[in-house]
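Me: I would like to learn how to read a few features of a protein model, beginning with the backbone and ending with the core. Could you take me through them one at a time?

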Amino acid sequence: MNKQLILKELQQIINPEHILIDEYLKNHTYTKLGGKADFFVTPANIEEVQELIRYANKTEIPFTLLGNGSNVIVRDGGIRGIVLSLKRFLNIRREGNKVVAESGARIIDASRFALSEKLTGLEFACGIPGTVGGALYMNAGAYGGEVKDCLESALVVDSTGDVHQLAAADFDLDYRTSNIAEKGYIVLEATFFLEAGEYDDIKAIMDDLTYKRESKQPLEYPSCGSVFKRPPGYFAGKLIQDSDLQGKGIGGAEVSTKHAGFIVNKSNATATEYISVIEMVQKTVKAKFDVELEREVRILGEDEILTDTK
């Protein structure tokens with residue numbers, strides 16, 4: 001890979017100040033894990049996203065979308081090629097009783113915006129740290145609510161660089177899943193249909209959910225949030241707790257003593273250590289309860305750490 005040539009070509013597509021070479025992805029993940037991205041790019045508009053996709057297709061350079069890194073683990077070897085971040089897509093606006101939020105905005109901020117506009121329906125998202133795009137990607141949910149309950153439509157760009165406005169039904173939203181990866185979509189913005197409400201009532205719900213989250217979750221340490229999906233008929237955290245795994249770890253990563261469903265980066269863990277703890281939990285729960293724990297968190301990147309960055 002001729003990085004200088006690729007850099008020169010990328011600079012013809014987007015602002016050179018929005019391109020970083022050999023950027024450590026641990027700077028962009030909630031776990032504080034992850035090796036280098038060859039190119040970390042942050043386009044400023046839809047046209048730049050389209051051009052980046054078409055450039056990657058033409059040159060056959062690997063292309064990876066990274067949200068705000070709240071529900072992802074990047075391996076120690078980093079990610080080859082172009083890593084695209086939509087961190088500049090932050091606009092949130094009201095259209096009637098709808099909230100339209102660009103994909104790089106945090107779903108928390110969309111929830112807070114809805115509160116400020118006295119719109120109800122997004123309260124469940126007030127403690128979810130991911131972006132709007134990431135929340136749609138995994139049909140994020142909490143405390144009895146999920147994205148599919150209030151999503152009306154979304155603007156996406158496909159793997160060829162074409163833009164489409166799609167209805168919620170087009171995404172096959174189900175428990176912590178969608179067809180977005182399968183279809184090769186990148187979400188640009190989402191529209192949520194909400195209802196008029198009373199500010200004090202909406203705020204009371206959000207305050208209660210925030211208290212529950214802060215009192216039960218180990219927010220004092222880096223983590224990817226809830227690691228596992230809820231197995232049918234069980235709760236992942238309870239299974240892990242009953243397997244006596246809280247406080248058990250490998251290297252700097254361990255199962256949280258505050259919430260068994262979380263694995264925390266307690267002391268400068270590597271991604272390899274963090275993933276090894278996940279695998280240890282899965283193996284132990286399977287042996288003790290014959291239940292398969294499926295990861296909710298995505299794992300990206302390479303195990304091998306490259307030393308040549310030319």
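Predicted model: local features only at pLDDT ≥ 70, side-chain atom pairs only at ≥ 80, totals over all residues.

Me: Where does Asn139 lie, and what is its phi?

Reply: As a general idea, most residues other than glycine have a negative phi. Asn139 has a positive value, near 45 degrees, and its place is in the loop between α4 (132–137) and β9 (141–142).

Me: Is Asn139 buried or exposed?

Reply: Asn139 is buried, because its relative accessible area is 0% and the cut-off for burial is under 20%.

Me: Which loop holds Asp244, and is that residue buried or exposed?

Reply: Asp244 is found in the loop between α7 (236–242) and β16 (249–250), and although Asp244 is not a glycine, its phi is positive, at about 55 degrees. Asp244 counts as exposed, because its relative accessibility is 56% and exposure is set at over 50%.

Me: How many residues does α8 have, and what is its reach from first C-alpha to last?

Reply: Helix α8 covers residues 271–289, which is 19 residues, and it reaches 27 Å between its first and last C-alpha, close to the 27 Å expected at 1.5 Å a residue. Just after α8 comes Asp290, with a positive phi of about 55 degrees.

Me: Which residues of α8 are buried, and why do they line one face?

Reply: The general idea is that an α-helix has 3.6 residues a turn, so residues three or four places apart point the same way. In α8, the buried residues are Ala271, Tyr274, Ile275, Val277, Ile278, Val281 and Val285. Viewed down the helix axis, the buried residues of α8 fall within an arc of 150 degrees, so they line one face of the helix. Lys283 and Ala287, on the other side of α8, are exposed.

Me: Which residues touch the most other members of the largest nonpolar core?

Reply: In that core of 33 residues, they are Ile107, Leu122, Leu151, Phe171 and Phe192. At least two residues of this core come from each of β7 (98–102), α3 (107–116), α4, β11 (151–157) and β13 (186–193), and α3 gives the most, with 4 residues.

Me: What is Ile107 in contact with, once its neighbours within four places in sequence are left aside?

Reply: Ile107 is then in contact with Leu122, Ala125, Ile128, Gly130, Thr131, Val132, Ala135 and Phe192. There is also a second, separate core of 25 residues, which includes Phe228, Ala253, Ala271 and Leu293.

Key
Residues numbered from 1 in each chain as written. Heavy atoms only, no water. Buried < 20%, exposed > 50% of the residue type's maximum accessible area, 1.4 Å probe, protein only. Expected span 1.5 Å × (residues − 1). Arc of directions from axis to C-beta. Core = buried A, V, L, I, M, F, W, Y, C linked by side-chain atoms within 4.5 Å. Contact = heavy atoms within 4.5 Å.
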